[in-house]
Amino acid sequence: MKVTSCLIIALSMCMNVPAQKFVANYDEAKIPAYTLPDPLEGISSAADWPTRREAIRRLIAKEMFGHVPSHTATLEIVPDTEPFKILDGKAIVSQPAIKIAGTTWDLMIIRPANPSSPPPAFIAYNFGGNHTVIPDRGVRLPVSWQRKAKNHKAQEADRGSSARRWDVAALMEAGYALVTLYYGDVDPDMNDGFRDGVHAHFGVPKSDEWGSIATWAWGLSKTLDYLVASKIVDAERVSVLGHSRLGKTSLWAGANDERFALVISNNSGCGGAALSKRAIGETVGRINTSFPHWFNGNFKKYNRNESAMPFDSHMLLALIAPRPLYVASAEQDRWADPHGEFLACVGADPVYRLLGTEGLPSRKMPKLNEPTVGRIGYHIRSGKHDVTAYDWAQYIAFANKHLN
Ligand code: GCU
């Protein structure tokens, strides 16, 4: 290095020059020209898809979410001995726990009280602890890292605080169970150098190994292992759902684990359903700077360099095929690029069609609150970044259509 460059670096360090401020582009006219890689490249029949699929899955794992390390961890179940009823006796809540890799994950399973057979289920992480999903005092409080409430009193006050995001009554009415767990139990959502959660057991990941999203996705698969073994729900009809960063997670869980019968992305945005190459709203460089622990080390090379990506989110969505896939956007959630989420569905459609399914019925962005629903479903609802009763109504109808 030349002396002058050393001097400049030293000077800027002393002066603590702030990093360049990120200004999101929201203008479609300013999207860089891009070409999407063809998910069907090199293949012409459905019989060729499994090999192509695995190549794409490995590519996206290596370059973005990270491979799961080969190290093993055994899973132990602590059964719940005190289930209780809610909704005037219409539903039962049980809380078995999974012990794995030095961590404990409290599951909360809410199921219709009198099903004739194990019910189909939705599985979804929650952001704040199971106690935020329903207000009942019987729900255990999380003891791991806390995203919100800092002490016991604050946790108590937080009971039911996100209940409006969970339409438990509609799920019970439609005959579905809800399986939820707190994502912080699996891996605290902090950039701490991968020293906590299950990473304390698995060790610091290499640059092609898992970031937090892949770790959370693995947690969903481990939970599914338990659901298969326990027979408490119909494990052949489990829909995996997630909102925002947890929507990125549900997509990656569905891509890796074909036992998830149906996959739902709610407002997942950048690093989820939205096409990265559009670089509109949140970008790869921005997400890797704000949340460096979400993806693996390799993904950083695409910061401000999306054109070099040999894949995009339409290929992530194609990994779900031919299973039913629903992508939902919200009108005011421009940060998550609703149009890019829709275009990724359009880009995944040829794979669905090659596999003999309907794919996405429309090539044109649908109007507000007018879902387009085939084997791929998509809607943009009015309102902000959120999970609403409207979203749940579409997901329940979609599961009814495909899983019943
Ligand atoms: C931030 C982040 C998004 C993410 C969201 C969330 O807004 O930039 O990528 O989806 O948080 O998970 O709440």
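Tutor: Let us begin with a term: buried means under 20% relative accessible area, exposed means over 50%, and partly exposed lies in between, with a 1.4 Å probe and protein chains only. This is a predicted model, in which local features need pLDDT of at least 70, side-chain atom pairs count only at pLDDT 80 or more, and totals for chains, interfaces and linings use all residues. Residues are numbered from 1 along each chain as its sequence is written, and side-chain values use heavy atoms, with hydrogens and water left out.

Student: Is Cys345 buried or exposed?

Tutor: Cys345 is buried, at 0% relative accessibility. Cys270 is also buried, with a relative accessible area of 6%.

Student: How many disulfides are there?

Tutor: A search of the whole structure finds zero. A disulfide is a pair of cysteine sulfur atoms within 2.5 Å.

Student: Now the cavities. How many are there of 30 Å³ or more?

Tutor: There are four. On a 1 Å grid over the protein atoms alone, a cavity is a set of points where a 1.4 Å probe fits but cannot get out, and lining residues have an atom within 4 Å of a point. Grid points are joined across faces, edges and corners, and a volume is the space filled by probe spheres set on the points.

Student: What lines the largest cavity?

Tutor: The largest cavity holds about 50 Å³ of space, and its lining includes Ile60, Met64, Phe311 and Asp312. Helices α2 (49–65) and α10 (313–318) each supply at least two residues of that lining; helices here are DSSP runs of H or I with at least four residues, numbered from the N terminus.

Student: What is the distance from the side chain of Arg245 to an oxygen atom of the ligand?

Tutor: A polar side-chain atom of Arg245 lies 2.5 Å from a ligand oxygen atom. For Ser244 the corresponding distance is 2.7 Å, and for an N or O atom in the side chain of Trp335 it is 2.9 Å. A polar contact is a pair of N or O atoms within 3.5 Å.

Terms used
On a 1 Å grid over the protein atoms alone, a cavity is a set of points where a 1.4 Å probe fits but cannot get out, and a pocket is an open set with protein on both sides within 12 Å along at least five of seven lines; lining residues have an atom within 4 Å of a point. A polar contact is a pair of N or O atoms within 3.5 Å; within protein, one must be able to donate a hydrogen and the other to accept it, and residues adjacent in sequence count only if both atoms are side-chain atoms.
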